[in-house]
Amino acid sequence: MRDPLEIWLGRLRDPDAAVRRQAIRQIELIGDPRALGALAQCFALDPDLEIRKLAQNAGKTIYQAVERRLANERRHASPNPSPDHS
Amino acid sequence: MLPELLERLKHPDQWVRIETLRILAMVEEVRALNAIAQVYRTDPEPGVRQVAHWAGRIIYAAKRSAQTSVTTSAPALTERQEAFLHSLIEKDHRTYDLMQLSLQREQLRETRPSAPPALPPSQAPLDLMRLLDEGLSEDFFS
């Protein structure tokens, strides 16, 4: 079965702006950082201003979620600085 | 994720560097400004340097916008500032389209058998880092 992300990424190149808009929303919901390059391409090159903004918002949402997750992982991975009371 | 993106700015493939610059511009990653300025100054590909310039301007505009909203008590930008920033972004996209055309022309030239050697790093007088340090004037964007 084809990866849903791949299907939506393919639709980012659809000539119909409504299809591209729907694809961006779905990609944002999936939240996979592998989509950042394609969203950035939309942000830089799409002829429709609204779609560029939509792509930017989706890209920011995904990027910030990844940054938050990585920050949490780092916090949990670092040793506890509090003294051992045992 | 930021360290990974910054590392990709040094990737040997210019298209990877361009994609990374686009991502950094899209997410308005102000922590990448120094690295982007470095790409703008030293990248051997003129097309990559142009995209670095475009990305730097977008991120810098976002940084200024954020500073304005923090330093003033107003909850949002004034209509005039908002219109100004939108015009910048629109202008940047038009500039970007021209840059892409120029880049594609260069790609075509490179595929010819007698393609000239790659250009040396930019000797452009415009030093983005210095301008960032000193604070860009609005004239810079016009």
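Two residues are taken to be in contact if their C-beta atoms, placed from the backbone, lie within 7 Å. By that criterion, in this predicted model, L24(B) touches L5(B), E29(B), A32(B), I36(B), A55(B) and I59(B), when residues up to four places away in sequence are not counted.

L24(B) belongs to helix α2 of chain B, where the buried residues are R17(B), I18(B), E19(B), T20(B), L21(B), R22(B), I23(B), L24(B), A25(B) and M26(B). Because 10 of the 13 residues of α2(B) are buried, this helix is largely enclosed by the rest of the structure. Helix α2(B) covers residues 14–26 and reaches 18 Å from its first C-alpha to its last, which is close to the 18 Å expected at 1.5 Å a residue. Just after the helix, E28(B) takes a positive phi of about 50°.

L24(B) and L21(B) are also, with L39(A), I36(B) and A55(B), the residues with the most contacts inside the largest nonpolar core, which has 41 residues.

The contact between the chains takes 16 residues from chain A and eight residues from chain B. On the side of chain A that touches chain B, α3 (36–45) and α4 (49–77) each supply at least two residues, with the largest share, eight residues, coming from α3(A). The residues of that side divide into 10 nonpolar, four polar and two charged.

Definitions and conventions:
Residues are numbered from 1 along each chain as its sequence is written. Chains are lettered from A and ligands numbered from 1 in the order in which they are written. This is a predicted model: local features need pLDDT of at least 70, side-chain atom pairs count only at pLDDT 80 or more; totals for chains, interfaces and linings use all residues. Helices (H or I, at least four residues) and strands (E, at least two) are DSSP runs, numbered from the N terminus. Ala, Val, Leu, Ile, Met, Phe, Trp, Tyr, Cys and Pro count as nonpolar, Asp, Glu, Lys and Arg as charged, and the others, Gly among them, as polar. The expected span of a helix is 1.5 Å times one less than its number of residues. A residue is buried if 20 or more other C-beta atoms lie within 10 Å of its own, exposed if 12 or fewer, and partly exposed in between; C-beta atoms are placed from the backbone. A nonpolar core is a set of buried Ala, Val, Leu, Ile, Met, Phe, Trp, Tyr and Cys residues joined through C-beta atoms within 7 Å.
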